[in-house]
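Biologist: Please take a close look at the aromatic pairs and what surrounds them. Which rings pair, how are they arranged, and are they buried or exposed?

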Amino acid sequence: MTPEVQAFASGFLITLVHAVVSLAILFAAVAIYAVLSPHKEVQQVRDGNGAASIALGGVILSLAAPLAVSLSASPSLMEIGLWGLATSAVQLLVFRIIDLLLKGLPERVDEGDLTAAGLLSAAKLASALVLAAAVAG
């Protein structure tokens, strides 16, 4: 077996475990968001609200960005878990602050306003990118 194949064979399982842990944190954070959000985007998406779909997609991407950076910056499973949980908690708090600062936009998303959903998603994605950069150092 070549050294490259041996390196892949030994590293693949570790990579898979790191990805599974990060995805589990992502799914948990999205579930927590869905429970805590007064706007119930998941149900609105099921009901065909396109604006809610954009807003929820922005939330998912915004939770994933800091997780992705913490995954790439952390050498151990423990560190990935700690940074993942910390960034998810911070991002969920930031989402609430953004919803309060951009007063009226979440309600407009509830009504199907695509422009409000786009702006709200952009604000949440921007905060996620800043948090991700902070994690990267």
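**Aromatic pairs and their setting**

Modeller: F12 has a relative accessible area of 44%, so this residue is partly exposed. The model is a predicted one. Two aromatic pairs are counted in it. One of them joins F8 and F12 in a tilted arrangement, with 5.3 Å centre to centre and 35° between the planes. Both residues belong to helix α1, and because they are four residues apart they are separated by about one helical turn. F8, at a relative accessible area of 54%, is exposed.

Y33 pairs with F95: the ring centres are 5.8 Å apart and the planes stand at 90°, and since planes over 60 degrees apart count as edge-to-face, that is the label for this pair. Y33 is in helix α1 and F95 in helix α4, so the pair ties together parts 62 residues apart in sequence. Y33 is buried, at 6% relative accessibility, and F95 is buried too, at 1%.

Leaving aside residues up to four places away in sequence, F95 touches Y33, V59, S62, L63 and K124. K124 lies over the face of the F95 ring, 5.2 Å from its centre.

Y33 and F95 also belong to the largest nonpolar core, which has eleven residues, including I25, L56 and L92. Helices α1, α3 and α4 each supply at least two residues of this core, and α1 gives the largest share, five residues. Another core, of nine residues, lies apart from it, with I98, L105, V109 and L120 among its members.

Technical notes: Residues numbered from 1 in each chain as written. Predicted model: local features only at pLDDT ≥ 70, side-chain atom pairs only at ≥ 80, totals over all residues. Heavy atoms only, no water. Core = buried A, V, L, I, M, F, W, Y, C linked by side-chain atoms within 4.5 Å. Buried < 20%, exposed > 50% of the residue type's maximum accessible area, 1.4 Å probe, protein only. Contact = heavy atoms within 4.5 Å. Phe/Tyr/Trp six-rings, centres within 6.5 Å; stacked < 30°, edge-to-face > 60°. Lys NZ or Arg CZ within 6 Å of the ring centre and 35° of its normal.
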